[in-house]
Amino acid sequence: MKNIEALYKEVMENEALKAEFATAYREGNVGEFLKKHDCDATAEEASEYVNGVKDEALSLDDLDNVAGGGGGCGSGSCGESCTCYFSCDTCMGCL
């Protein structure tokens, strides 16, 4: 089994996996996503990890993409802020 850090790295490097995670997050199925990808973390642990990573220093490119600090969708196709940490084109809508 892999830990959440290893799975998160895979997710961030793979657009299809990123979209699958965004869908699982939006639908409240993070636990099932973790099990499917052989991760030993709970949904709560995954949420804590992702929030911790999000709070770390951002690159200049990341800072350019922030719109009001509300999440990833401020610069997406819907123009709204959300907490999914992905653009609207990835998560297919705001939460």
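For my own reference, exposed means over 50% relative accessible area, buried under 20% and partly exposed in between (1.4 Å probe, protein chains only). Helices are DSSP runs of H or I with at least four residues, numbered from the N terminus.

A note on the source: this is a predicted model, where local features need pLDDT of at least 70 and side-chain atom pairs count only at pLDDT 80 or more, while totals for chains, interfaces and linings use all residues. Residues are numbered from 1 along each chain as its sequence is written, and side-chain values use heavy atoms, with hydrogens and water left out.

Next I looked up the buried residues of H1 (residues 4–13), which are Ile-4, Leu-7 and Val-11. Seen down the axis of H1, they fall within an arc of 65 degrees (taken from the directions from the helix axis to the C-beta atoms), so they line one face of the helix.

Then I turned to the aromatics and found 3 pairs (ring centres within 6.5 Å; planes under 30 degrees apart are stacked, over 60 edge-to-face, the rest tilted). Tyr-8 and Tyr-49 have ring centres 5.5 Å apart and planes at 75 degrees, so I noted the pair as edge-to-face. Tyr-8 lies in helix H1 and Tyr-49 in helix H4, so this pair ties together parts 41 residues apart in sequence.

I found His-37 in the loop between helix H3 (30–36) and helix H4 (43–55).

Key
Helix = DSSP H or I, 4+ residues; strand = E, 2+ residues; numbered from the N terminus. Phe/Tyr/Trp six-rings, centres within 6.5 Å; stacked < 30°, edge-to-face > 60°.
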